[in-house]
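Colleague: Hi, could you walk me through this one? I'd like to go through the helices, the core and the sheets.
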Amino acid sequence: MVRPSRRGFLGGSALTLAALTGVLDPATDAQIPGQPAGAPTDLDVDISAPLADAFLPVPAGNALSTTYTTVIADRVDADATDDLSYRARSAIEHLGVDADKLSATVAVTPDDRGFQLVTAAGDFDRLEQGETLAVGAGDDTTDESSANTASEVETTAELPAGWRLAEADETALVAGDGVAAAVNGSSPSPTPRRGSSTSREERGDRRLETARAAGRAAADEADRFAEASLGAAALPRLGGFETVLLVPDAAGGPFPSRVPDEVDAFAAGFEVAPEDLRDVDGTAENAYVIRPTADAGDLDDETVEQLVRSVDPAVPIELDSTRADGLVLVDAVVEAPPTLDREASPDAGVRSQFDRAAGTVTFEHIEGEAVPAAELEVWHDGEEVSDTLLDGDEFTTGDEITVETGQIATVTLRWFDSDANAYDTYARERVDREAFTVDYDMAAETLDLAYEADRSADASSLRLVHRSEGSVQSVGGEFTDGTLDPGDTVTVEDVSIGDSVQLEFDVEQPRGVGGGSLVHYRARPPRVWIRSRAEEGTTVRYDGEQSRPADAFVTLVDGEPADAQFADEYDTLSGDEELGLGELPLGSTVAVEWREPDEPVVVAEEEVVPNTRASIEYDPDAGEVTVQHRSGRTLPASELELQAGRTPTDVQPADKLDEFGPDDSFTAPIPPLSRVRLIWTGGEREHHLGGTTTARETVAATYDADAETMQIEYVGEQPVDPERLRVSMSGAGAPRDRERDQESAFAAEHDELTTGDAITVDEVGLDQTVVVSVHTEFENGSATSSIGHFSAAPRRGFVVTEGDRGDDGGSGMTLRYVDEVRRDADAFRVLVDSEPAAVQPADETDRLTGDETLSLGDLSAGTTVTVKWTGGGETRTVTEHVLPPQATFEVAYEPADEEAGGVVTFTHAGGDALDADHVDVVVEPATDGLRSWDSDADEVTGGAETTVTVDTEPKMAAVVFDEREVLYREPLDQDR
């Protein structure tokens, strides 16, 4: 395999996934000021802005009949694409949002990899790309005669008002003002379990259905991830961190071989985004929320430490664990690990190859810079063997290093600079994965592991581990203690459903080398989903990975067999079969037992709750909410409760209605700055039907850079209790969202807040942020939700809008002020190619308050527009934008005649001529990064070609300008 370029366009960790092909690599705060009427329904959990908005269109896994491998949320604070993480760059690519408009992103990867969902929140208008397929009920913003609108546009209450569902190329999206979600559908690689890959039409349907589910989630018409079990437990605690990783299924997440089996799910909040750890000077604080499996009981400290050390990208030096509500809460003090530094390492391309017949692994230097031998390390089974293998002063093109491994080994070639504590891994091999086969007998609960290579092997570096409920034990010592001969087999007994068996390397490795495993098998029960739908009632869906007899599954309602069973309609279940149960009584418990094992296993269980959805809209003039039935069942009003701040309101649904059904509505007076929700109380647990926060657009901020003061003004229309507003500062190392116990600065100066009342926060340095939050106390605790993050120095500055390209190649450009803080206009300087622009902000206004625009006229490709802020005696660049060239390309793939792989050819087909030094190509997965167009070319213009030879079938090809601007991208793995 070829080592990634040091310019590393693609990431290489669980938190830094592919920037071009995936949606997964931080930091903003500010919530977008204001939300329009009919905006998406607020979450029923307290999450600090802007992550709360980014999580709105993330449906729960069961809404899509899947589970999520990872959900990764990032705060974003960047002025240009160069400053973004890989995950945020992916959001820009799929959604077309400018970097300085992003506040937060959420990236979702399901376990079947059939689609990838990315959401974004920020200061951007509703996205209009693609063909409009549906709009939210009450939306009057879509021109159905426009070119990008379908001839028949569906109007649906399953989207929030002002939102649209659209399809553009290979992406489906839903979007409203300031919030959007994109679905990039792909087909999983064919496997014996999955069968053949899906067609283009099926992938398109999957994308649209996922996007619709995202829209339903935003409208609170579908279960939402943030309100589901792990989200509700973790996000209120971790929402203030820069990056939040959530793994709803620890066994199926990105760390299955390292997570203890006693852990069911976990989430981690990182104070410093993992990709920024190199900037840590001293220590940082991370936090974890860990949910044990049902039978694990309390996790011991050793298990907790094992999880944290396995997952944390930094080096934990101190752990503090507490236990509450069935969860383990961990505060971890960490320090920066040895740094993966591809920029510092010699830019060498290295290929590794295992010769099974000879029992060797060869590392070949195939291109790039020479690596000094003093900085090159070879690791074999946990030992550095560089001195015995390296011959010469450097490792350069054409050189080879051959390691005698035998049939079983883990070997790594890496660069390491001991002075800088930095490393880079060039190549790694674990052999021989193809030498082992697994046969699991569910009835006998045995797993047979066989060694089927042609030659004997030393297995002393391995261990066989059986993880079961409450225990982890090494087994099969006779299999791993000595020599394995062809045909040797070991049987692991008592492997129950849920257990895992791993054949892993039992050697210590330095960070970045890793041992890993040769075999990892987990005995899983089949997957079954239970869902309640407005049209169909309760349905049960089989989603197993293999065919099973239909009569092996029995559906129960309140412990008794249901009238309808899978076996009534099917002989065999192979996937996607559904069983309709009709409209069951609310509060019923539906369970599915799998009776193929000796002891029946409950593989799914759900309480039947209302599929009713309600919208709640606030009228600030009247000071009341209107609660409207939007969809789903008619419910007795006596089983509903309207709450403000978790306390029942004075006016309840039963005071106005007997039943709450289609077209029914009622009003109730609610104070401003209240968290309002409608819940169903007729079951064992409360069920959320709808919610909102009243009058969110209530504060404005003005910064005086000379005096270092921030004025916070209340601009709400209704009087409010000042105790509800809290003001604090973050910055200079202070973590966000940890000010819950502070007294209200507003209450110290005002008995009641009315429009125009303000306070002044002193000593606000340029690197600090004033945080304004709404504080709510209720019987069992309190909640604080931030509604404004006001940075002393401009966080975004201006957004650049490019007009259409004219005949002379120029493009009309406009700057729009988007920062959250009001500032003096004369503190900003606009430069065009480093020279002052003809028009400056101060020529148009004295103070910038938001949305002021400045026209720069027609500018040509390559022009750089820069906005500098000179407040506080410093000059800072707050906006920088380069007008990119426009060029078209053609990509062709020619498979090899007899071998795997072939040649990918890129051709410049029209548009601007490009400087070849600024043009790179990407072929995934072959290049694993950027590759220069052609080292001998000066210019890329009409008809110019470059080729990339690949040894595997390519998935995607792209042309990249200036290492950040994707000029062209084309999937190569579809319909072949």
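Predicted model: local features only at pLDDT ≥ 70, side-chain atom pairs only at ≥ 80, totals over all residues.

Colleague: Good. Which residues are buried in helix H4?
Modeller: Helix H4 spans residues 229-238, and its buried residues are Leu230, Gly231, Ala233, Ala234, Leu235 and Leu238.

Colleague: And what covers the buried residues of H4?
Modeller: The cover includes helix H1 (51-55) along with strands S9 (243-247), S10 (263-270), S11 (283-292) and S13 (327-335).

Colleague: Moving to the largest nonpolar core, which residues touch the most other members?
Modeller: Phe55 and Leu246 do, in a core of 49 residues.

Colleague: What is Leu246 in contact with, leaving aside its neighbours within four places in sequence?
Modeller: Phe55 is one of its contacts. Others include Leu230, Gly231, Ala234 and Leu235, which are buried residues of H4. The list also includes Val71, Phe225, Phe266 and Ala267.

Colleague: Nice link. How many residues of helix H2 are buried?
Modeller: 9 of its 10 residues, so H2 (86-95) is mostly covered. Among the buried ones are Tyr86, Arg87, Arg89, His94 and Leu95. Just after H2, Gly96 takes a positive phi of about 70°.

Colleague: Let's switch to Ala409. Where is it, and is it buried or exposed?
Modeller: Ala409 belongs to strand S22, residues 409-417. Ala409 is buried because its relative accessible area is 0%.

Colleague: What is in contact with Ala409 from beyond four places in sequence?
Modeller: Its contacts there are His380, Asp381, Glu429, Arg430, Val431 and Phe505. As for Val361, 48 residues apart from Ala409 along the chain, the two C-alpha atoms are separated by 9.3 Å.

Colleague: Now the sheets. In what order do the strands S24, S25 and S30 come?
Modeller: The order is S24-S25-S30, in an open antiparallel sheet. S24 (436-441) and S30 (489-492) are the edge strands with a single partner each, so one side of each has no neighbour in the sheet. The twist averages 15° from one strand to the next.

Colleague: How many bridges join S24 to S25?
Modeller: There are 6, and the two strands run antiparallel. Phe436 stands opposite Tyr451 in S25.

Colleague: And what about the sheet with S36 and S37?
Modeller: That open sheet has 4 strands in the order S37-S36-S40-S41, with antiparallel pairing. Its edges are S37 (560-561) and S41 (601-607), each with a single partner strand, so one side of each lacks a neighbour. S36 (553-557) and S37 pair over 2 bridges, and Val557 stands opposite Glu560 in S37.

Conventions
Residues numbered from 1 in each chain as written. Heavy atoms only, no water. Pairing = 2+ DSSP bridges. Buried < 20%, exposed > 50% of the residue type's maximum accessible area, 1.4 Å probe, protein only. Contact = heavy atoms within 4.5 Å. Core = buried A, V, L, I, M, F, W, Y, C linked by side-chain atoms within 4.5 Å. Axes fitted to C-alpha atoms, helices over the stretch in contact; angles between N-to-C directions.
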